[in-house]
Amino acid sequence: MDRKELENKVIELVAVSYNRDASELSTETNFKEELKGASVQMVALVAEIENELDATITLQDAAACTTIGDLVNLVEEEM
Amino acid sequence: MSVLDEIYAKAKANPQKVAFPEATNEKMMQAAYETGRDGYIIPVLLGDDQLPKLAEERGYDPSVFTFVDINDEAYRKGIIDKYVAMPDTRLKEKALNRRMADPLYYAMAMQKAGEVGVTFAGIDNTTGDVLLAAQMMIGMKPGISTISSIGLCDIPGFKGSEGSLLAIGDSAVCTNPDSEQLADIAISACETVRDLLDWEPRCAMVCYSTLGSGQGELIDKVTAALKIAQEKRPDLAIDGEFQFDAAISPEVAAKKVKRESKVAGKANVIIWPDLNVGNVGVKLIQQFGHADAYGPMLQGFNSVVCDCSRGAPVSEIKGNIIISAVRAAKMNQN
């Protein structure tokens, strides 16, 4: 999977977990300011990443990501 | 009969299976053994195939325990099949299999699959570890998105609506809840006391104002939370905003609350506005009121998870195991 495919896949998983339309999201989307999710949504996202991308990341690391792009970097390191 | 005696009697009447993922820990094994031997619970110890030998070496009768070898492929497969077939689980087979290498996640997978009623941990794992695992494996109660806790205080000389007892929350988990989270804490607290103590909850949301006597953003948060809680659960008696004395004292309530209220003056559940108040509040009750405080009891999850303090003595661990088992028995009935 190349970088662009991974970005699209992570955006798709963020959209599912946060109940958003993927077209509203980009790698620049800020979790705290724009998505404003509860921790349960981040848990759902970590589980989706684990299921779909075979990458185990911790919730603490995921929660420390400012943007979706940061999360893509984290997933890329774990794959 | 004291409140703890009543809870102990309930546990004995319907002992629940409790999973111990930190079973090799000496204090945990002792607490599991003694509560199992005395008939309060059925202890299920998770570990490798050396666990029965370890129990015997420590002088425990192994017949008290059910042992689960987390490396037993056939048993693990059975749990995974049950777990992934459930509609509200998050992890798929491969990811679950990987997570279940950790006994904490294994225990919670067993709990979700209905093999045990409670997971009891926290002596080797941190509170954060336990809460994260529970969010992922067990999930939150429908309509609730906040993990919180309540404590049960037994205050000598206090003559409240439940005698010397008062439930308070959250004094341990949720640091600075917003209105939505505060509403969740109140709703969960009502359900916890109903499950554990068979009380009809009367829940007061407290701050430094009674029905508009004060103004400011700290009060606005509480009144907004109250509105959310009442809209979400009109079946529960949740009222406010009250000062603490107006919540628990009929005399003060008669002066300050000039409208009908099922809660004012006779609250049996107090919801603090944030953890600063909650922590100071429980310490005041303990120091000046010479109260015993039981808990924290975690709430908000789909089933009962207990996180004990890492410094807890065996006697306290046993009390919390039994309280968790009674909550689980009630939740399983519902």
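Domain bounds are taken from an automatic or database domain assignment. On that basis, chain B comprises domain 1 (3-139 + 301-333) and domain 2 (148-294). This is a predicted model, in which local features need pLDDT of at least 70 and side-chain atom pairs count only at pLDDT 80 or more, while totals for chains, interfaces and linings use all residues. Residues are numbered from 1 along each chain as its sequence is written, and chains are lettered from A and ligands numbered from 1 in the order in which they are written.

The centres of domain 1 and domain 2 of chain B, taken over C-alpha atoms, are 31 Å apart. Two residues are in contact if their C-beta atoms, placed from the backbone, lie within 7 Å. Helices (H or I, at least four residues) and strands (E, at least two) are DSSP runs, numbered from the N terminus. The two sides considered are tabulated below, with residues classed as nonpolar (Ala, Val, Leu, Ile, Met, Phe, Trp, Tyr, Cys and Pro), charged (Asp, Glu, Lys and Arg) or polar (the others, Gly among them).

| Side | Residues by class |
|---|---|
| Domain 1 of chain B, touching domain 2 of chain B | four nonpolar, one polar, two charged residues |
| Chain B, touching chain A | five nonpolar, two polar, three charged residues |

Between the domains, seven residues of domain 1 of chain B contact six residues of domain 2 of chain B. Helix 13 (residues 314-333) of chain B gives the largest share of the domain 1 side, six residues. Between the chains, 10 residues of chain B contact 10 residues of chain A. Helix 7 of chain B contributes the largest share of the chain B side, three residues.
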